[in-house]
Amino acid sequence: MAESLAASEVPLVGDFSQSTPNPALADVRVGVITFPGTLDDRDASRAVRLAGGTPLPLWHDEADLHKVDAVIVPGGFSYGDYLRAGAIAAKAPVMSKVVEAASAADNPLPVLGICNGFQILTETHLLPGSMIKNDHRKFICRDQTLRVETNQTSWTGDFAAGQEIVVPLKNQDGQYVADPKTLEALEAEGRVVFRYVDVNPNGSRNDIAGICNERGNVVGLMPHPEHAVEPGFGPSSSGFGTVGLRGGADGLGVFTSLLNQLVKA
Amino acid sequence: MSDKKFNLDTVEQAAATPDTELPWAELGLKENEFQEIKKILGRRPTAAELAMYSVMWSEHCSYKSSKVHLKQFGAKVTDEMKKDLMVGIGENAGVTNIGNGWAVTFKIESHNHPSYVEPYQGAATGVGGIVRDIISMGARPVAVMDPLRFGAIDHPDTARVLPGVVSGVGGYGNSLGLPNIGGEVEFDECYQANPLVNALAVGIMRHEDIRTANASGVGNKVILFGARTGGDGIGGASVLASESFDDTKPSKRPAVQVGDPFAEKVLIECCLELFKGSVVEGIQDLGAAGISCATSELASNGDGGMHVDLTKVLLRDPTLTPGEILMSESQERMMAVVTPANLARFEEIMAKWDVEYSVLGEVTGNGRLTIEWEGEIIVDVDPKTVAHDGPTYERPYARPDWQDALQADKFTGSAADDARPTGAELGQAIKDFMAAPNMCSKSWITNQYDRYVQGNTALSMPDDSGVIRVDEETGLGVALATDSNPRFTKLDPYQGAKASLAEAYRNVATAGARPVAVSDCLNFGSPEDPDIMWQFAEAVRGIADGCMELGVPVTGGNVSLYNQTGGKAINPTPVVAMMGVMDDVTRRTPSGWAPEHDGQAIYLLGTTRDELDGSEWARFKGHLGGLPPKVDLAAEKLLGDLLVNMSRDGLIDAAHDVSAGGLAAALSEACLRFGVGARIGLGEVAERDGLDLFTLLFSESLGRVVVSVPRSEEVRFKDMCTARNYPFARIGVVDAASGALDLQGEVAIDLDELRAAHEGTLARHFGEVAPG
């Protein structure tokens, strides 16, 4: 079906017949931070690679971003989640550079925080609010439907607003909380990026699964788009129609969104 | 020394005071064992030596009751079976060549007793311990599995043990970034005060990265790294408190170790960096018996001796005595042997990962393991006498006198066999049956485990095997299944163990993988009871014979004895873990039909006999007696070959093993897997096998698998079965629109109702979690 469409009309997500991504994307270098206790760093790097970009490992203890074009703060249990999830990692030397670059007046650095990475971003105050224990007090792993509420961010440009996607969710401190004023502002300013659909798996306020900062370059979410990037190893369902066993790759759009935005820019 | 905290018992002092009373009995040694130690040393042992011998000669570490039987695993093998075995039994874990330069190591172990005392930490450190075994082979751990057995589901204590164990397995494994890809859950009152928490870990490595535990090279440094040593897990060592001058030290230390998954995750990455840089000569994890085990194993597997200064051990609790330090089972510790030239590089890697270490001593050439404390020698032994020359017992065993009566008590015609549902009442009966504790969905548990992390999971629960990709380039990967049928094993330990092996073999083949290696975890009661010892001997013989017939070697495992309380032993529970290899994991076969398989033909492979004894239906009705189903391993092998070939050739799109709960359960589970119904007609098969419908549905005959076959492949499918002379019968079609498991001519079971029954049980007993 894609052959009859103009190149610009080829859907960027949900179509995995495109085997060769735009070679220009490979020039985009995306840093993936590893803290002690980080678990999903290799998965995030794989997602960047499958989207066509070039992943680059960053080390928590080094206050140097090595001129990367964007940064992913991946999931896991940095520093064992001791003290408070993300609290110690937020003070790591590399994070001071991330905060600085993400807050720059010109060309702010795109930053994506996934799960523990989201918790770390709230601890650095790049994003408002906080995560507390799931309301049912258990770790939960499930294939989660999300609605992409806005495509006006560095990480969701390839989606249509309102698009539903399915990505794995797995956490134990995933309940998003914020004061009423903050929640109101997030809603009013269109900064709720991902919302839980059908099931709110952890008691998050307003069914919020992910949010962004004012400029949309910093996005954090609890579910794991990097675990839905490769047919055969993702969820068994998709927001784009029927997929086979573990055929869901809806999360890839998060990574292609970044790469496409940076190549265009 | 004025600040000395102990009556230090030196080797010199031991030689001079032969008559000093020692608490050998309190440490679990028998009189003959204590005399043997004295004979070996030519004097009485020091307190520290006594601590070492007592833990290393314990049942848990020395396998003294089981060794004579376990030898069969090494004896009943052919060269053909060993051709892919790169490291066999005896090391921390066996290693199997899976091709393309890749090797896989996997092992299953028990952590039963600690998990009863303290469910969360017991289960967590069970995972931690087996993962360290995998790391010490040089491998990156890539997945875990957890066969669990609990008391009755409605017993108040199960509500304490199960949630704690599940949180512990998840809390540790999830935090290590290891996907949990399967396992088993069983409820039976025989496990009431003896829950079984077995944990399996699998790791992968390149051939050149294989490491073993041995200390070679005189002058090489012996280094302890990872967490500090504390007083946890020393249990029995407290009787050595007589070493102590004062009684103000913390006396109530936890007998169960406390885990820190964060420390272990850092240790994994740190070890992998050490391996990559070839910085270590030998490595050993610290598990049971802590430093006693690590030093004596490393020294006795090497070519020299070892000298260690115990005062160099970094402590969490400075009041520990030398004996306690030697016995401590503090978690997340490793011991490495490093050449002086590599020491700087080693220190660099430790600094990068913020891991503490201390150089305890070095490899010597004198063949002795010597340990000093503040300049005094407190241990001077031949390490082989500690690690390998422990006592071996030929425990008496005999077929129990109750075995005949048990086998004579058939289900058919028993008081429990009161009503066999037919027609419309069959529908309700199947729903009730599929909601029973042992038949219900275990997603309440598995949804608390991360199955996605690492991005290589191709199958996980509820499929028949967990499947993990090893090589991203080619898709080469492994399938793993763990199975045990303790009820069959109670009825006939030899056949029951073989049936457990057959089921694990079949589950791996069902996923499409070629079974290549076995690890086993043998959970039994007291070896001092001849009845139990007979169960053990028969089960080991069954597994060893079975492996020979299937051509798959045992690569390692673990024995857990004394699983009994108040004289009542658990059902004999030999858990068999099977590993299979597949060239491309994306070809794996799931355990049910998906919407896109609508209209495919459903076939039953194998034949059914009237074999209800020991079945889940019999358990559902409260009965255990009779004889287990007949085991035919030649047929299982044929079936396995068929399934692997059919999967490779695309002849089947779904395959589900028919085992617990029989055909009724297999069809229910295959429909519920993706919520897709089926129209099933069993008349012809019932006639062929000479059975009534009820028996056909609930019998647990082995060697059977339900498959769905694309219409376009039916001819080739049938040809392949015919050519290999394996019985097959077309029993229905996938019917996506029906929303029901339609047993034609009998009853149509609504899938929503079936699912509600199947999935509601655990949440009803243990509380709601967000739906998976």
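# Exercises on chain B of a predicted model

B:Glu374 lies in the loop between strand S12 (369–373) and strand S13 (376–381) of chain B; helices (H or I, at least four residues) and strands (E, at least two) are DSSP runs, numbered from the N terminus. The model is predicted: local features need pLDDT of at least 70, side-chain atom pairs count only at pLDDT 80 or more, and totals for chains, interfaces and linings use all residues. Residues are numbered from 1 along each chain as its sequence is written, chains are lettered from A and ligands numbered from 1 in the order in which they are written, and side-chain values use heavy atoms, with hydrogens and water left out.

**Exercise 1.** Describe the backbone and the accessibility of B:Glu374 and B:Glu332.

Step 1. Most residues other than glycine have a negative phi, and most peptide bonds are trans. Phi of B:Glu374 is positive, near 45°. B:Glu332 has a positive phi too, of about 60°.

Step 2. B:Glu332 is placed in the loop between helix H12 (322–327) and strand S10 (333–338) of chain B.

Step 3. Buried means under 20% relative accessible area, exposed over 50%, and partly exposed in between (1.4 Å probe, protein chains only). B:Glu374, at 37%, is therefore partly exposed. B:Glu332 has 2%, so this residue is buried.

**Exercise 2.** Find the cis peptide bond between B:Met461 and B:Pro462, and locate the proline.

Step 1. The bond that joins B:Met461 to B:Pro462 has an omega of about 10°.

Step 2. B:Pro462 belongs to the loop between strand S14 (457–459) and strand S15 (466–469) of chain B.

**Exercise 3.** Classify two aromatic pairs of chain B, B:Phe150 with B:Phe187 and B:Phe346 with B:Tyr357.

Step 1. Rings of Phe, Tyr and Trp (its six-membered ring) pair if their centres lie within 6.5 Å; planes under 30 degrees apart count as stacked, over 60 as edge-to-face and the rest as tilted. Over all chains the count is 21 aromatic pairs.

Step 2. B:Phe150 is in strand S4 (residues 140–150) and B:Phe187 in strand S5 (residues 180–187) of chain B, 37 residues apart. Both B:Phe150 and B:Phe187 are buried.

Step 3. B:Phe346 and B:Tyr357 have ring centres 5.8 Å apart and planes at 85°, so this pair is edge-to-face. B:Phe346 lies in helix H13 (residues 343–352) and B:Tyr357 in strand S11 (residues 357–364) of chain B, so the pair ties together parts 11 residues apart in sequence. B:Phe346 is buried at 0% relative accessibility, whereas B:Tyr357 is partly exposed at 27%.

**Exercise 4.** Which rings have a charged end over them, B:Trp102 and B:Trp402 being among the residues concerned?

Step 1. A charge sits over a ring if NZ of Lys or CZ of Arg is within 6 Å of the ring centre and within 35 degrees of the ring normal.

Step 2. The ring of B:Trp102 has the charged end of B:Arg206 over it, 4.7 Å from its centre. Over the ring of B:Trp402 sits the charged end of B:Lys490, 5.4 Å from the centre.

**Exercise 5.** State how confident the predictor is in chain B and in the complex.

Step 1. pLDDT is the predictor's confidence in each residue, from 0 to 100. Chain B averages 93, and 96% of the residues score at least 70.

Step 2. The complex receives an ipTM of 0.91 and a pTM of 0.94.
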